[in-house]
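Dear colleague,

I am passing the structure below on to you, together with an account of what was found in it. Please read the notes with the structure open beside them.

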4 protein chains.
Amino acid sequence: MAIVDVVVIPVGTEGPSVSKYIAEIQTKLKEYKAQGKIDYQLTPMNTLIEGDLKDLFEVVQAIHELPFNKGVDRVCTNIRIDERRDKSRKMNDKLASVEKHLDNGGQE
Amino acid sequence: MAIVDVVVIPVGTEGPSVSKYIAEIQTKLKEYKAQGKIDYQLTPMNTLIEGDLKDLFEVVQAIHELPFNKGVDRVCTNIRIDERRDKSRKMNDKLASVEKHLDNGGQE
Amino acid sequence: MAIVDVVVIPVGTEGPSVSKYIAEIQTKLKEYKAQGKIDYQLTPMNTLIEGDLKDLFEVVQAIHELPFNKGVDRVCTNIRIDERRDKSRKMNDKLASVEKHLDNGGQE
Amino acid sequence: MAIVDVVVIPVGTEGPSVSKYIAEIQTKLKEYKAQGKIDYQLTPMNTLIEGDLKDLFEVVQAIHELPFNKGVDRVCTNIRIDERRDKSRKMNDKLASVEKHLDNGGQE
């Protein structure tokens, strides 16, 4: 189980807004989630996706493809993978782990 | 007004957990927020910070510094800046803009 | 044909040096290159790989895997994909394109 | 002494080519280098800059600004900082360190 944090930037669009492309990506992710492959979460700066790494690579490739289908000629996609194998962690486990430290006043 | 998305990775830590470092970063960000300089939000994969770009650079440099103070010898920090000058946007405006497209069935 | 720019960071290593992990990644990339799938280039901060995007995803997944095989429990991998479909470009074409502008004094 | 790896992506440009923006960034970096503040290197995917971290933040902010001056309304800049404090390293030291491992057959 890994988590990826993805930003897809279409280059050469008409004007600076790219939210229609991001919306299409969310729609695609909803389909993948319905298949039970992944879970995902949109933040103001990126999309977080969790699942098996093999599935995540498939999903990232699929969403990187979407702006091309809408006529964009160049897409820059930035992906951060965070994978830990000593224990299973989901997205919310990571937040809980930080909050536990905060409750301790930032001390161990 | 810009938004940055930051990940600070301490390298050469004892074991794979870095949540104590992330917690310390959150505590520092809380101080900056109390000064009215920035707003921020922790996600499972990164920290989002909004403010004037000049302040954001100061804040990012400060949080990149923290693991060194705890004895770490190497820190890798990854920053994505997204700045738009044609209109003022806050973190939640970006989400709202995507959701508007989703309500339209992903169409313009 | 796409180009990716990859950084693999093993977390929880003994000490701050990770060059032995990077060297192993280069050895793996050499094998992929010998198969004719990709070309690659090591820079002081990352590894650049060019090829078909499908192959690049396979290769990135393979090199992200390597530190786990050496006993590391957490790996953070950062990938920037740059893909352009209006014309075929290789790594050196991109540099040549910037240099052409520089020769013109930064003007078009 | 730190090294940063920077990509500046102007969003909403006419067409997919952004090499004129990258050329302008290189010209600016040349000025900073002439002042003795930094050293830098253009690769096919990014620009590597080494110097004191305080100077690097100033330089990154300056080059992120450039596309706005040319009429672009949105700029996405991606920065990877790699800083090591246990020993001083320059860009070429990092490559040499990996190559030393390669000469040993990828073994320590």
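In helix α2 of chain D, the residues D:Leu56, D:Phe57, D:Val59, D:Val60, D:Ile63, D:His64 and D:Pro67 are buried, where buried means that 20 or more other C-beta atoms lie within 10 Å of the residue's own, exposed means 12 or fewer, and partly exposed lies in between, with C-beta atoms placed from the backbone. Seen down the axis of α2(D), these buried residues fall within an arc of 170°, so they line one face of the helix; the arc is that of the directions from the helix axis to the C-beta atoms.

Before going further, please note that this is a predicted model, in which local features need pLDDT of at least 70 and side-chain atom pairs count only at pLDDT 80 or more, while totals for chains, interfaces and linings use all residues. Residues are numbered from 1 along each chain as its sequence is written, and chains are lettered from A and ligands numbered from 1 in the order in which they are written.

To stay with α2(D) for a moment, the face turned away from its buried side carries the exposed residues D:Lys54 and D:Asn69. The helix covers residues 53–69, and its 17 residues reach 25 Å from the first C-alpha to the last, close to the 24 Å expected at 1.5 Å a residue; the expected span is 1.5 Å times one less than the number of residues. Helices (H or I, at least four residues) and strands (E, at least two) are DSSP runs, numbered from the N terminus. Just after α2(D), D:Gly71 takes a positive phi of about 100°.

In chain B, the buried residues of α2(B) are B:Leu56, B:Phe57, B:Val59, B:Val60, B:Ile63, B:His64 and B:Pro67, while B:Lys54 and B:Asn69 are exposed on the face turned away from the buried side. B:Gly71, which follows α2(B), has a positive phi, near 95°.

Turning to how the chains meet, 32 residues of chain C are in contact with 32 residues of chain D, two residues being in contact if their C-beta atoms, placed from the backbone, lie within 7 Å. On the chain C side, β1 (2–11), α1 (19–34), β4 (74–84) and α3 (91–103) each supply at least two residues, and the largest share, 8 residues, comes from α3(C). That side divides into 13 nonpolar, 10 polar and 9 charged residues, with Ala, Val, Leu, Ile, Met, Phe, Trp, Tyr, Cys and Pro counted as nonpolar, Asp, Glu, Lys and Arg as charged, and the others, Gly among them, as polar.

How is chain C laid on chain D? A turn of 180° with a shift of 0.0 Å along the axis does this with an RMSD of 0.0 Å, which is the relation of a two-fold axis; copies are superposed by least squares on the C-alpha atoms of residues with pLDDT of at least 70 in both. The same surface serves both copies, since 100% of the contact residues of chain C recur in chain D. Of the residues of chain C, C:Thr43 comes closest to the rotation axis, at 3.9 Å (C-alpha).

As for chains A and B, a rotation of 180° with 0.0 Å of shift along its axis superposes chain A on chain B, with an RMSD of 0.0 Å. Their contact takes 32 residues from chain A and 32 residues from chain B, and α3(A) gives the largest share of the chain A side, 8 residues.

With best wishes
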